[in-house]
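Thank you for giving me a few minutes this morning.

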Amino acid sequence: MNTDTTRAGDGTTSAAAPHGTPDNIPGADLPRPAGKTFFGQPRMLANLFSVELWERFSFYGMQGIVLLYMYFATTEGGLGIDQSTAAGIVGAYGGAVYLFAILGGWVADRLLGSERTMFVSGVLIMAGHISLALLPAVSGLAIGLILIAVGSGGLKATITNLVGSLYERRDPRRDAGFSIFYMGVNIGGLTGPLLTGLAQQTWGFHLGFGLAAIGMAFGLTQYALGRRRLPGEVHHVPNPLPRSQYGRWIGVAAAALAVVAAAVLTGVLDAGNLADVVVVVTVLAAVALFVLLLTSAKVDDDERSRVRSFIPMFIGSAAFWALFQQQFTVITIYSDTRLDRSLGDWTMPISWVQSFNPLFIILLAPVFAVLWTRLGDRQPSTPAKFGLGIVLMGSAFLIFLPMVGVSSVPVLWAALILLVATLGELLVSPVGLSLSTRLAPRAYPVLMVSLFYLSVALGTALSGSLAGYYSEQSEAAYFGALGAVTIVIGAGLLVLSPWIRRRMRGVR
C-alpha cells in the first residue's frame, strides 16, 4: 500500500527528516523521562500508533469504495460518473495528497509546528469523511475529497516527526519503535477496506464513508486526551514565518486559488483532465526543484553529484507508483468486473481485494528486515533494490496476461498479482524516502525529500491518467505494454546502478 505515506511500504518512512527536532531547542537531545511504556517504548507511542491506525483505516477504507461510488449507477447508490473519468479523479486525488504533504510540511515548519499541524489535519480528514457520508451528489464528493487530500497531506508530513520526537537521537529503541508504529499503519490499511467494503455492500456507500469518519473520530479523540504529554519541541515552530511576510504569502495563496477557480469556471480544468493537470503540475514542480538544487551556490560539487544521481531514481520511482497505485483505479475496476468473488451464496466485497497488499506487508516486512540484517554489507545497493523492485512491479502486470479472455478470474489470481507487487514495494518504498534524506544537500534537506514526494505524486496521478486506456477488450495490450515498459525501466536502473553509486559519493 502506498507511500504513504506512512506505511512500512508507503514510501513515507522518513518523513521526519525535513521536520526533525531542531538542534537549537533546549533538551532536544536529552533522554526522555522514564515511566510507563508501550512494548518497552515511550508511552506516547501508543497514542500515535492508534492515531495512525485509525487514520489509515479511514483513508484506505474510503479509498476502497470511493471509485465504485463514483461510477456505480444512481440506482445502485452511486453517482453514475463515467468510469474512466472516475478513475482519473481517484488518481488526481491520490497525487494531490502527496503535493499537499509538501504544503503540510511548510505549514508545520513555518506556521503551526508539527503537533498542531497534525491535529488540524486529522480534523480536516474527519470532516472530509463526514462530507462524503452526509452531503449528496457531486458536491459532497468534491468537498470530501478536497478536505481529505489536504488533511492527509498535512498528517503525512508531520506524524512521523512526532514519533521521532519521543526518542533522543541515540536511543537504541528508535528503530523498534518505528517498526511498531508502522505495524499500526498496516493494521489500519488491512482492516479499513474490509469493514467499509462490507458496510457498503450491506447498507450502502454512505454508511461505508460514515464508518471511515467514525474511525478517524475515535483516533482523534484518544489523541486529544494525551497530546499535551508529547515532548515540548513538537509544539515549537522551527522556522517561524516573520509577520512581515504574512501579507505576501496570503497573496500567493489567494492568487493560486483564483487561478484554480478561473480554470474550473472556463472549463480548462474539469473532472476529465484533472489527473493530467496534476501530472503536468508535478513534472513542472520537480523540474524546478532539480534546477534549483543543481544551480544553487549553496550546493557543493559532491552534493550536486548526489542530486544528479537521484534523477534516474526519481524516474524509476514515478514508474513504480504509476503501476502500483492502480490498485485503486484499474485493479478496483478489474475486481468489480472480472473477478469471481463468489463463495457459495456469499459474494466478497469488491474492496476486500485491496486488503491483500497490507496483509502481505505484515507477513513479509519482518522477513525482509531479517534478510537485510543478515546480509549486512552484502545486501544490494539502493539503486539495485530500486531496479529489482520496479522489475517485479512490471512483472506483476504481466501476470494479468494468462487471464485475458477468461470470463471469471479467480480471486486468488489477483492475490498472486498483488503478492508480486508487494515484493516490489518492499524493495522500493521503505528505502526511497530514506535515500532522499541521505542524498540531500545540507542547505536543502526539505526540498530533496519533497522531490521524493513529487515522484510518488507523479506516479499516483499517472495511475489515474493511464486508467482511461483500460478496458476488458484492451487488457492484453494494456497490461502487456505497461508491464514491459516498466520492466525495461527497472532493468535500465540495474544497468545504471554502478554509475548511480559512483555519483552518490559515499552514500550506499
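This is a predicted model: local features need pLDDT of at least 70, side-chain atom pairs count only at pLDDT 80 or more; totals for chains, interfaces and linings use all residues.

Let me begin with how some of the helices lie against each other. Helix α1, which covers residues 44-71, packs with helix α4, residues 137-164, at an angle of about 150°, and their axes are 11 Å apart. Because an angle over 145 degrees counts as roughly antiparallel, α1 is roughly antiparallel to α4. The crossing of these two helices, α1 and α4, is left-handed. If you now turn to α8 and α9, you will find that they pack at an angle of about 160°, with their axes 9 Å apart, and they are therefore roughly antiparallel to each other. Here, too, the crossing is described by its hand, and α8 passes α9 in a left-handed crossing.

One further helix deserves a careful look, and that is α10. How many of the eight residues of α10 are buried? The answer is six of the eight, so this helix is largely enclosed by the rest of the structure. The buried residues in α10 are Val330, Ile331, Thr332, Ile333, Tyr334 and Ser335.

Now to the charged side chains. As a general point, side chains of opposite charge can pair when their charged atoms come close. In this model the count comes to seven salt bridges, and I would like to take you through some of them.

The salt bridge between Glu115 and Arg227 has its closest N and O atoms 2.7 Å apart. Glu115 sits in helix α3, residues 114-134, while Arg227 is in the loop between α6 and α7, so that the pair links distant parts of the chain, 112 residues apart. Glu115 is buried, since its relative accessible area is 1%, and buried means under 20%.

A second pair is Arg338 with Glu475, where the closest N and O atoms are 2.7 Å apart.

Asp300 is in the loop between α8 and α9, and Arg442 is in the loop between α13 and α14, so the pair ties together parts that are 142 residues apart in sequence. Asp300 counts as partly exposed at 32% relative accessibility, whereas Arg442, at 70%, counts as exposed. Please notice also that Asp300, Glu303 and Arg442 are linked in a network of salt bridges.

Which residues make the nonpolar surface patch of about 400 Å²? They are Leu111, Leu112, Val120, Tyr246 and Ile250. The elements that give two or more residues to this patch are α2, residues 83-112, and α7, residues 246-265. Tyr246, which is found in helix α7, counts as partly exposed at 31% relative accessibility.

I will end with a few single residues. Ala137, in helix α4, has a phi near 60°, a positive value in a residue other than glycine. For comparison, most residues other than glycine have a negative phi. Ala137 is partly exposed, with a relative accessible area of 43%.

Ala127 lies in helix α3 and counts as partly exposed at 27% relative accessibility. Although Ala127 and Ile148 are 21 residues apart in sequence, their C-alpha atoms are 7.8 Å apart in space.

Lastly, Ala467 lies in helix α14 and is buried, with a relative accessible area of 3%. How many residues separate Ala467 and Gly91 in sequence? They are 376 residues apart in sequence, and yet 8.6 Å apart in space, C-alpha to C-alpha.

Key: Residues are numbered from 1 along each chain as its sequence is written. Side-chain values use heavy atoms; hydrogens and water are left out. Patches are made of residues with over 30% relative accessible area and no salt bridge: like charges are joined within 9 Å, nonpolar side chains (Val, Leu, Ile, Met, Phe, Trp, Tyr) within 5 Å. Accessible areas come from the Shrake-Rupley method with a 1.4 Å probe; for residues, only the protein chains shown count as cover. A salt bridge is a side-chain nitrogen of Lys or Arg within 4 Å of a carboxyl oxygen of Asp or Glu. Helices (H or I, at least four residues) and strands (E, at least two) are DSSP runs, numbered from the N terminus. Buried means under 20% relative accessible area, exposed over 50%, partly exposed in between (1.4 Å probe, protein chains only). Axes are lines fitted to C-alpha atoms, for helices over the stretch in contact, and angles run from 0 to 180 degrees between N-to-C directions. Angles under 35 degrees count as roughly parallel, over 145 as roughly antiparallel, 65 to 115 as roughly perpendicular and the rest as oblique. A crossing is left-handed if the near helix is turned anticlockwise from the far one by less than a right angle, and right-handed if clockwise.
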